[in-house]
Amino acid sequence: MICVSIQNKEYQEILEILRTVEMAEIRLDRCALEDEEIEELFADSDVPLIATCRLSEESQAAQLLELAIRSGAKYADLEMEAPAAIGRRIREACREYGTVLIRSYHDFNGTPSLEVLQSLAERARTFGGEVVKIVTTATSEADNATVAALYQDAEPGTLVAFCMGEAGKASRLDALRHGAPFTYACLSPDDATAPGQWTWEEMKETVYKGFRFVKTEALPMPSSKSFAQRAIIAAALAEGTSHLSGYTPCGDNESALKVAKSLGAGVKTDGNKIVISGIGATPGCLDLRDLHCGESGFLTRLIIPILSVVSKNQVLVSGEKTLLNRPLTSAHDIMASFGVRLYPEGSNERKQDCYLPLRVSGPLIAGRADVSGKGGSQLISGLLAALPLCEEKSALYVHDPRSIPYLFITVDVLKKFGIRMNSEMEGGDDFLETQDWALCTGVNFHIKGGQRYKAADFGIEADWSGAAPFLVAGAIFGDIEVEGLDTESLQADISIMDILMEAGASMSQLDSPGGPIHVRRAPLSPFRTDLNNCPDLFPMVAVLAAFCPGKSRILGVERLKHKETDRAAAIEQMLSQMGVPVRIEEDEMTIEGMGLTQRILQGKLLKGGRYASHADHRMVMALKVASLGADSPVEIDDTACVAKSFPTFNELFDKL
C-alpha cells in the first residue's frame, strides 16, 4: 500500500487528506495537534495510520507515541536509536493496545554494507520490531541493490526497505514489488518528508495502473438461515400463532416453510414477515408418511429426530440435488442411541452410511446417551428440538463437539418458543481459562420431558455467512459497508471479524452493536485459524489467505468433505488453477499468499478463466470475490446455486 506522510498540517486539514488516501503516516513532531485532537484522529479514522514522532526530547516523543497507541494507531514507528527504557515502554504499550511496532533505522549520509544492514535489521526484530524499516541514502544503483537484497531473508510483509535521494527514488516503488507492506509518498513536492519521495498521485498512477477498487455503502444482508430454519420449525410445532420478522427468502428457508406446511402448520408470508399457526405438537400427533426437505442438509438433520417423536408412522424423508449425494454422517449411531431406526428406501437393512431418501422409524425413546459430535452439530440440534416433547427427561452428552455455536443457537431459539434445558461445557485448564470453544471437549445437556412449544414473536437476525464475502472483499480490494448484523450474535460465522482483524484488516462499527460495519484495505499479514466450528467460512477465508503475504494455516479440512461438494478439494482446485500455492495435510490447509499491491506490480494477479462451482453456493461466492483480483474475467459454470442461501448475492455483488 501507499502510505502518505503528513506533516505541517492542522487537525481539520488532516481529516480532509484522510478522505483521499489509502494509508497515512502522521508526523506528530511536525503537526501542531492538541492531545484531544490526537486521540480523536487515531480513534476515529478507518484509514490505517502510522504514528511517528522524532523529537530530540525522547520522553516527550514517547508520550505522544503512547497517546496515539492508546487512541488506536495501527502502527507506531520507533527509531532504533531510542533509549532502551523508552523502547520497552513503547513495546509494552503496543502489546497492550494491539498496535504494530515499527523499529526504524535511517542513514542520511549513505548506504552501509549489506552485512551491516542485515545486522541492523536483526537487531530491530530482536527489540520488538514486527515491521522493520531500513532507510538509507543512495548515491548509485548499487546502493539500491544493497538495500533490496535485505528482502531475500525477510518474512513476507515484515520489511520496509528503500533509499532516499533522487538516486533512490525507484527503490521506493521497488519496495512494494519486493513485498513491503507499504512504502511512503508525499502529498506534493513541497510536502516531502525526505528527498526522493514520490507524490501520492504519481505513485498511485504508477502502482495501480487503472486497477479497479471496490467501494459501496450500506449493503443489506439477508436473514440468517441458521436462525430462520430453526424458528420456522419451532413455530410449526408450537401451540398458537407465531410472528417471525426479518425474513428473507432463499432455497433452504423456503424448504423449511414447505416442511412446516407438510407438518400441518398454517403459513402466511407478508414481505419480510411470516405468520405461522402451529400444530401444538405432542408425541404421535401426526399421521405422516413422507416429507421432502429440498436441498437443505441442516433441515434434514433437524427434522429426522422430530419426526421420530411426532409421527405415529414410519416417514420417508427425501431431498434433491446435491443433498442426495451427501451422507448423513453418524446419523445411524446417534439415532440408535434413542431407539430410532433409519432405513434406506426399499430396504429393511440398517446401514452405517445413510443417504436420502431414507425411512425414519420411531418412536424416539427418552433417556441418557453419549454421542459423538465429530460429524457436526446438525443432527444433535434435531435431538435437542425433539427430546423435550418426549414424556420423560433425557440427558445427552456430546463428546468431541464440532460447530458448538450452532448448538447454542438451537438452545437460544428453542428458549424463545418455551423450551428449557440446561447445558454445561467441559474442557481442560486451557478451556476453563479461555472459554475458547475450540478447546471444549464435551457438552452436557439435561432436558426435561413433557414440554410443549409455545407461540412466539421472533426477530430473525441477519446472516454473518452471507456477509463474509463482502467483508473479505472490502479488506482486500477497497472499502465496503454492510448493515443489519449483530456483533453480539451467537452465529459461528461471526468469527470472520476475528479472522479479518488478525489478518490486519481495518474494521469499525458506527453504532454498536447493530450499526453498519465498515471494512477497508490495510496491509494484511498471514494468520492461523481453526474453522472446525464454522466450516462455511472456509472458501472465503481461503481467498483472504491468497492475498495475505506469507503462509496462512486453516484448520478444519475434515469438516468439508460432505458439504454440497468435497469443499476442501474444490478450494484446492480453485486456488491451484488461480496460481496460488496450496497444500492439504490431514486437517490443515496451508495457503501461500501475496499482497495485492505486490501481485499487481509483479504481474501475479490470480488467473482468470473458466471455473467450476461444483453446485456449491459458498464456492460461487468465493470465486466471485477472487475474481476482483484476477488478471482476466472469471467465468463460473453455475452462479444460480447461490439461491440456496442468498438469492440476491449476485445482484449485490454487481454493485461493488
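## Briefing: backbone, sheet and salt bridges

Ala218 sits in strand β10 (residues 214-220); strands here are DSSP runs of E with at least two residues, helices are runs of H or I with at least four, and both are numbered from the N terminus. The model you are looking at is predicted, so local features need pLDDT of at least 70 and side-chain atom pairs count only at pLDDT 80 or more, while totals for chains, interfaces and linings use all residues. Residues are numbered from 1 along each chain as its sequence is written, and side-chain values use heavy atoms, with hydrogens and water left out.

**Backbone features to look at**

- Most residues other than glycine have a negative phi, and most peptide bonds are trans.
- Ala218 is not a glycine, yet its phi is positive, about 50 degrees.
- Ala218 is partly exposed at 30% relative accessibility; the classes are buried for under 20% relative accessible area, exposed for over 50%, and partly exposed in between (1.4 Å probe, protein chains only).
- Gln435, also not a glycine, has a positive phi of about 55 degrees. You will find Gln435 in the loop between α15 (429-434) and β21 (440-447), partly exposed with a relative accessible area of 48%.
- The bond from Leu356 to Pro357 is a cis peptide bond, with omega near -5 degrees, and Pro357 belongs to the loop between β16 (341-344) and β17 (358-361).
- Gly362 and Pro363 are also joined by a cis peptide bond, where omega is about 5 degrees. Pro363 lies in the loop between β17 and β18 (368-372).

**Helix α6 and its buried side**

- Within helix α6 (residues 141-148), Asp143, Asn144 and Val147 are buried. They span an arc of only 100 degrees around the axis, which puts them on the same side of α6; the arc is taken from the directions between the helix axis and the C-beta atoms.
- The buried residues of α6 pack against α5 (114-126), β6 (131-137), β7 (159-164) and α7 (169-178), where contact means heavy atoms within 4.5 Å.

**A four-stranded sheet**

- Four strands make an open sheet of mixed pairing, in the order β26-β27-β29-β28; two strands pair if DSSP finds at least two bridges between them.
- β26 (528-530) and β28 (582-585) are the edge strands, each pairing on one side only.
- β28 and β29 (residues 588-593) run antiparallel and are joined by four bridges. Glu585 stands opposite Glu588 in β29.
- Helix α19 (residues 567-578) packs on the sheet and touches β28 and β29, its direction making about 155 degrees with that of β28. Axes are lines fitted to C-alpha atoms, for helices over the stretch in contact, and angles run from 0 to 180 degrees between N-to-C directions.

**Salt bridges**

- The whole structure holds 27 salt bridges, each defined as a side-chain nitrogen of Lys or Arg within 4 Å of a carboxyl oxygen of Asp or Glu.
- Arg521 and Glu22 form a salt bridge at 2.8 Å, N to O. This pair links distant parts of the chain, 499 residues apart: Arg521 is in the loop between β25 (517-520) and β26, and Glu22 is in the loop between α1 (11-18) and β2 (24-27). Both Arg521 and Glu22 are buried.
- Arg19 and Glu16 meet at 3.4 Å, N to O; Arg19 is exposed at 64% relative accessibility, whereas Glu16 is partly exposed at 45%.
- Glu122 pairs with Arg125 at 3.8 Å, N to O. Both lie in helix α5, three residues apart, about one turn of the helix.
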